[in-house]
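Please open the structure in your viewer and keep the selection tool at hand. The tour goes from one selection to the next and says what is found at each stop.

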Amino acid sequence: MTRIDDTPPAWDERTQLTTFLDYARDTTRAKCEGVSPENARRALLPGSPLMTLSGLVNHLRWVEYHWFQVVFLGEEDQGPWTEEDPDREMRIAVDFPLAQLLDEYAEQSARYRELVAASDLADRAKRPVRSGVHVDLRWILLHLTEETARHNGHLDILRELLDGTTGD
């Protein structure tokens, strides 16, 4: 598999932000490469029964949905979570093949790339965050890069525990 590079092809702010988010997304895919369907569903941490490769991939997919569609565009929240089960996207992930989750994440990321390309980085979200602030698209891209990178660390640990695979 060929990995994308984290060095942007241009040095403007938009290209740097989108390159790093794409690199983090690609790292997620790379961490899951070659994992068996059974191992993708295994929870290895006794205190974190939802922490599976499948659960993390599905979480990242739905996190992007939330930030782009619900917060930025102001659409109605159609996510899988509920007040009774706020982590449902991680729980239900084990019901789907990892390849399907990765494909859906990639397809969605392509749509969001188009959304970002058509928007100004200073455009404000339609919905406020908890503090009441309407963040801009720039902040959302930074936040998603941070969130994806943090969960890539979790994927890294799970992968090493599953089969000893380590890497970037």
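Predicted model: local features only at pLDDT ≥ 70, side-chain atom pairs only at ≥ 80, totals over all residues.

Residues are numbered from 1 along each chain as its sequence is written, and side-chain values use heavy atoms, with hydrogens and water left out.

**First stop: H1 and H6.** Select residues 13-32 for helix H1 and residues 137-163 for helix H6; helices here are DSSP runs of H or I with at least four residues, numbered from the N terminus. The axes of H1 and H6, which come within 9 Å, cross at roughly 20 degrees, and that makes H1 roughly parallel to H6 (angles under 35 degrees count as roughly parallel). Now show the side chains that make the contact (heavy atoms within 4.5 Å), among them Leu17, Thr18 and Leu21 of H1 and Leu141, Leu144 and Thr145 of H6. By class, this contact of H1 with H6 has 11 nonpolar, 6 polar and 6 charged residues.

**Second stop: H3 and H5.** Select residues 53-72 for helix H3 and residues 98-117 for helix H5, whose axes lie 10 Å apart at an angle of about 25 degrees. H3 and H5 are therefore roughly parallel to each other. The residues that make the contact include Val57, Phe68 and Phe72 of H3 and Leu101, Tyr105 and Val116 of H5.

Which residues touch the most other members of the largest nonpolar core? Of its 21 residues, these are Trp67, Phe68, Leu137, Ile140, Leu141 and Leu144; a nonpolar core is a set of buried Ala, Val, Leu, Ile, Met, Phe, Trp, Tyr and Cys residues joined through side-chain atoms within 4.5 Å, and buried means under 20% relative accessible area, with a 1.4 Å probe and protein chains only. The elements that give two or more residues to this core are H1, H3, H5 and H6, and the largest share, 8 residues, comes from H3. Next, select Met51, Ala93, Leu98 and Leu155, which are included in a second, separate core of 16 residues.

**Last stop: a loop.** Select Gly34, in the loop between H1 and helix H2 (37-40). Gly34 is exposed, with a relative accessible area of 72% (exposed means over 50%).

How values were computed:
Axes fitted to C-alpha atoms, helices over the stretch in contact; angles between N-to-C directions. Parallel < 35°, antiparallel > 145°, perpendicular 65-115°, else oblique. Nonpolar A, V, L, I, M, F, W, Y, C, P; charged D, E, K, R; others polar.
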